[in-house]
Structure formats: structure tokens, C-alpha cells
Amino acid sequence: MEPNPIRFALALHNHQPVGNFGWTMEDAYRQSYLPFLEVFSQPKYEKLKISLHHSGCLEEWLEEHHPEYLDRLAELVRVGRVEILGGPFQEPILAMLSSRDRRGQIRMHTEWLKKRLGAEIRGMWMPERVWEQSFVHDLAAAGIEYTIVDDYHFKKSGLEEEELFGYYTTEDAGRVMAVFPGSEKLRYWIPFHEPSETMEYFRKIRESHANPILVFGDDGEKFGTWPGTYQHVYENGWLVRFLDALLENADWIQTVTLSEARDQVAPLGKRYLPDCSYREMTEWSLPVRRLVEYDQAIHRIDSEQEPWKVLQTFLSGGNWRNFKDKYPETNEMYARMMTISERLGGLEDFLAKEAKCPRWQEQLEEIRRLLYRGQCNCSYWHGAFGGVYLPHLRNAIYQNLIAADNLLEALETEISGQFPPPLTIHRKDFNFDSLEEIRMANKNTIAWLAPHQGGMLYELDFRPLRHNVLATLARRPEAYHQKILNHQEVGEDSCASIHERIVFKQEGLKNRLQYDTILQKSLQDLFFPAETTLEKLCQGEVQPWVHFAQSPYTACVEEENGSVTFSHTGTAISLQGNSHEIGISKTFSLLPEGGYAVRYRLHLPAGETFHFAVQMNFAGMPGHCDDRYFYDAEHARQGDLSTRLDWHDATFLGLADEWLKLDVALQTSRPTSFWTYPVETVSNSEGGFEAVHQSVAVLSHWQISGEWEVRLETKIRMS
């Protein structure tokens, strides 16, 4: 080994989210994880070392479907070729967890890795590199000595590129750990540039720095799963050429694990890092309008004078936590998760002091496992990946959280010896907006209503199936929609970073861009202009009058009747085009067998006619499937759940999902007209732009006048 070697740490992160399709995980295994391991484990590369991280949700899937992969990995760990990185077990963003859950997730993963792979965990992968300085105390307390974040974090703290070829220590409340800067340059080059370019870059760094450490830390899916990369990395031999180049230059390039780099080289100093993530993530968290402005400004800076490029180092987007504001639906999941975490923590503390029943401890472990799965990060944000736009991922989060809620209630009942009442009603700020929401629950259904948002029903859990019927997503603008409108397209065979690819998975997406003025939830009270038809509504040619859906309603809880009455007086436009002040009240109650009933009373001026509608949505029931369909009162099928129905003088509409075993029956006390249509978003993912079914919208609507009332029932049951 020549003096002053380059130490190169190659750290790969492999992850598949909770709830991902089995075939998707199998494809990733066949295209990325297995072929990489097969190439790397060849005897000729026995002197090369890497650091490797798998998320716990992926490891659990591998244990069930490919335990032989884990066995091979354990052997590479034993001989010292692979260092395993730990981290929070189910890959949550640490910024969305309590301190208790941060430490708990990390410790659970460390124990699993030690038991299954024989790995001693010293470092961890930071999910999505979302960093806040206060994490240090919890990470160090959980036994973590170091982690990786992007060099972007360090540059924002005031360091220059030339000061980042090593690692730094950092501290919080007296706890100390090390942080490695992962190279953004290498993240974009590997595996998209030829190995010779990387070797030349290494040579320049070696000539100008003493004992330099270079770190590549990024997704393992780049090596085969990302579009075009399997052919590039394996069939065209990029990985073999890269590993061969490392061997050929082994006299001055030393591949090391991150632990070895930590032990062999002294830190460059101490550094406190700002709260941020990798550059793209900070941009994605911005509001759409500001993201467009930011992107335009950055591109102008790139083409201007050098001083502006210096300033660009200190520019950044937003904070990851603001995804909960950008997508209110993620805040609903987050708030649901935090409520369960708080209840579980309180029960754990109580049992630690009062009781040591082994069976209760086992139940606590199962609840904790479900809670941790409900914290998996992918559904809580969106950027170049589907994320929050993927219904099956959101549904999986809710499935785990509802299951944890059910078990918590059962354990609380057993410990207290008191059965919960048939119906509970609580008022509290459940979603952390400083305003009170209402939670109603019986043995089959839990409903959350928001008085300050028109008495909207925003979550409806059918407990037997552990399914949130309102895990919906509204259609909203995205910065990349302009690319769709401009119809810039590249071929499917393009091998480029997913941050740079533009691919259309379907034709005509620009015609499917439509944006909602309210969330796609239920019991939203709307008024329509005279010219409204289903076709015009679906094409976005008319918009409902949403004053009531957006206004605060007065809520009166009637414990003795087991109901809540919401009321509001506001302005609506009649079909004659006149503006009038009218009053609405709706009384909500749960049905014992599952679902809810609501009685509407409207006070309208005589001689004026209004087109009034109650909007409902049903999620997790996709369209374009033969086993998901509408049916009428005679149980005759009326088309799959993507069908636009325009029924008149009906009192019944059914929705069936045979795969989910979910049946929803809508009944009205007086004849109504039903409109139905699929709610589809247009979003970006690894594979390109695509339309995604989010929910089935059902509008029960009437033309009414005078004193008017109706009762609607939504019965939910297992089919």
C-alpha cells in the first residue's frame, strides 16, 4: 500500500416499504439485492469491503421468502467483508417519532441483526438522511457510534467541499457520535458514470488531501431495480468494471467499512449540522408555488457569475416536517400514529410499575411491532417517488395502526377488568391543529369528524378488517405537472438517475390533470350551479360552492343519544342565481353493525331551488377490477368501481370489494340522484408519470327548497 491511501467506504441502503406488493419486492430481490451479492461475493473480490443496510421491513420479507440470502449475508459478515448498518427497524423518519420510539426502533433492529446475522452494530443508516441535531442524544443512547448524512448538510453548516474528505464528531446534551458526509457527486456518478471517471476523481483527491475518506451512501436499488439499470450494471458489466477498477488500484485505494474508517482515521473536527435532508428532499417539501420559484432561481444561478454559485451553497428548500402541511392526509396518519404511541407508552410505564405479567408483556411487544410498522416513512412524503400517492402503502400504514389500536383496547380492558361502553365520544385536538375534533367509537367502527371543516368525516375505520375507508388523497398541483403539460418525454430504455428521467407510463395524462378545492373526504356539504352535470363535474368545467364544506360548524355532543349534531348558517346560491343565507344541521351517529347514519335538516327560503349534494368517498376500493363493483338494490352489478354512474330517483347504492371482503351499502330515506366517479391523481414514481386511483367519489344530490330533511345510512360490513 502506497503512502496516503484513499479510504473508500461504499455503503448501500436496501429498502422496501411496509405494504409493498410481493411481486415488487421479488423483482427488487432478483434485479438488485441478489445479483449484487453474487457479484460482490466472488472470490476474486475477497479483499473488498462494503457497509450494507437493509430496512427491517425488507429483512422480515427476506426471512420469509429468501432466508438463503440472509444466510449468505451472515457468512460475509463473519469473514469481515460486510459491515451491517443498523437504524430504526421499520425505516421511519426520526423527526416524526418520540424519543421513546426512536430508541425503541433502533434497539429492536440491533437485536434482530445480532440474532439473525451475528452482526455487532456500531453505525446506522439515517432514513432519507433527514437530520436534526437533537437526534444525537437518542442515537447515542441507543448505542449508535456514527451515521451518514449528505455532504449537503455539512456545506450548509459552512464547510467547503475541500473540508469533507473525512468525518466529524457532533454532540447533543453531552452525548457524542460521528457523522460521515456522503458525497453528492458520487451519488450522481455511481453507477451512471464510467468507473474510470471515478478513479480519476479519487486520484485528484488523494493528491490534495492527507488520509482522505470518501463515502458513497445511497440506495441499493440503483444497482438493478431503477429503470434501465439492470442491463447497465449487470448485463453490460458496469459493476464488474467498477470492482475490477478498485482491485487494480488497490495499491492506493483501500476499501473500508465505515467502522474501519472511524477507527483508522482521526476526525476532522467537531461540527453541528443544520436540520435538513439531502438537497432534493428539502426542495420537495416546499409548497408547490415556492418550489417552482426556487427551481427557476437555482437554474438562473447556475448560469450566472461565480459569486452566486457560492451563495447557492447556503440556499435550501424546506423542512421535512412540512410534508404534514403540504399533504394533510399524511398529518392524519401521523396524528393517528402518535396517539397510539402515547397510549402504548403510558401502558408500558404503568405495567413496569404495577404488574409483571409475561403474557401482557408479549401483547405489548406485538402492539409495539404493529406501531413501528405503522411508522414506515414512505407514505408520509412525496418527491421523485410515489410515496404518499400510493394507496396500497397508505392502506398498509392504517392496517397496522388500526390493528395496534384494537389490541391496545383489548389489553386495556383486560388489565382494568372493565369493558368499554358500547359507544364512546371524545372531543380533543386529535390532529394537532389546535382545534377540537370528535372521535366516536364502537366495537366495529371508529369515526373522526372535524367541526371546523364543515363537520367533515375525515377518518372512518372498519375495525374487523382494520381498514380506513377514508384513507383518501386529494388531487393537487405538483411542480412536475408542468412537464406533463409540456409533454417532454424520453424513452423507456434510458438509463439515468430517477431525478432526471421523464417517462410517461400512460397516454393522455395532461387531460387527466384536475385539482380539488376541498379534501376528498365524506359528509362534505356542497351546492352546485344550475348547469352542473356529471360530465362537466368530472371534466372540471364546473366547481361546487364549497362555503359550507370549508366553514366551521357548531358541534353539540348528545351523549344520551349517542350522536353529534353539527350546524352552520351561511350563504349559498340558488338555481335562480340568487344568494341566500341558509341553515344546515346534520346529526351523526354510528351504526352498531358498522358504518354510520346522518340526518340532514336544511332551512331554505321559499320560492328558491337549490342543488344540494353530500359528498362521500371510499378508499382502498380500486377501479378497473372485475371483483370491485357497484350494485343496485336487487344486487345486480352496475359496473366496476371506476364507472361513472348517473342515477335518478334511487334510494340505494352498493359498493363491493370481493378481494378486500368489504361491502358498503348506501341507503337514503327519500329518493335521490347518485353521481359516482373515480378520483385519480397524476403523480411521479420511479417508473415515470402515471394516473393512480385514490378513491371512489359518491355524491348523493337533490334539487330542494323550503324546510327539507333526509336520513342517509352508510352500512359497512364484511362480505
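**Cysteines, helix packing and a buried loop residue**

Cys376 is buried, for its relative accessible area is 2%. In this predicted model, the cysteine sulfur nearest to that of Cys376 belongs to Cys57 and lies 4.2 Å away, and Cys376 takes part in no disulfide. A disulfide would require the two sulfur atoms to be within 2.5 Å. The number of disulfides counted by this rule is 0. Another cysteine, Cys357, has a relative accessible area of 24% and is therefore partly exposed.

Helix H1 comprises residues 22-40 and helix H3 residues 67-78; their axes are 11 Å apart and form an angle of about 30°. Because angles under 35 degrees count as roughly parallel, H1 is described as roughly parallel to H3. The crossing of H1 past H3 is left-handed. On the H1 side, the contact is made by Tyr29, Tyr33, Leu34, Leu37 and Glu38, while H3 contributes Glu68, Tyr69, Arg72, Leu73 and Leu76. Sorted by class, this contact of H1 with H3 holds 7 nonpolar and 3 charged residues, with no polar ones.

H1 has a further helical partner in H10, which is formed by residues 238-248. Here the axes are again 11 Å apart, and the packing angle is about 35°. H1 and H10 cross in a right-handed manner. Phe36, Val39 and Phe40 of H1 meet Leu239, Val240 and Leu243 of H10. The contact of H1 with H10 has 6 nonpolar residues, and neither polar nor charged residues occur in it.

A final site lies much later in the sequence. Leu641 is found in the loop that joins strand S22 (637-640) to strand S23 (645-657). Although Leu641 is a loop residue, its relative accessible area is 0%, so Leu641 is buried. What is Leu641 in contact with, leaving aside its neighbours within four places in sequence? Its contacts are Met621, Pro622, Gly623, Arg628, Tyr629, Phe630, Leu655, Ala656, Pro678, His693 and Val696. Between the C-alpha atoms of Leu641 and Ser99 the separation is 43 Å, and these two residues are 542 residues apart along the chain.

Definitions and conventions
Residues numbered from 1 in each chain as written. Predicted model: local features only at pLDDT ≥ 70, side-chain atom pairs only at ≥ 80, totals over all residues. Heavy atoms only, no water. Axes fitted to C-alpha atoms, helices over the stretch in contact; angles between N-to-C directions. Helix = DSSP H or I, 4+ residues; strand = E, 2+ residues; numbered from the N terminus. Parallel < 35°, antiparallel > 145°, perpendicular 65-115°, else oblique. Left-handed = near helix turned anticlockwise from the far one by under 90°. Contact = heavy atoms within 4.5 Å. Nonpolar A, V, L, I, M, F, W, Y, C, P; charged D, E, K, R; others polar. Buried < 20%, exposed > 50% of the residue type's maximum accessible area, 1.4 Å probe, protein only.
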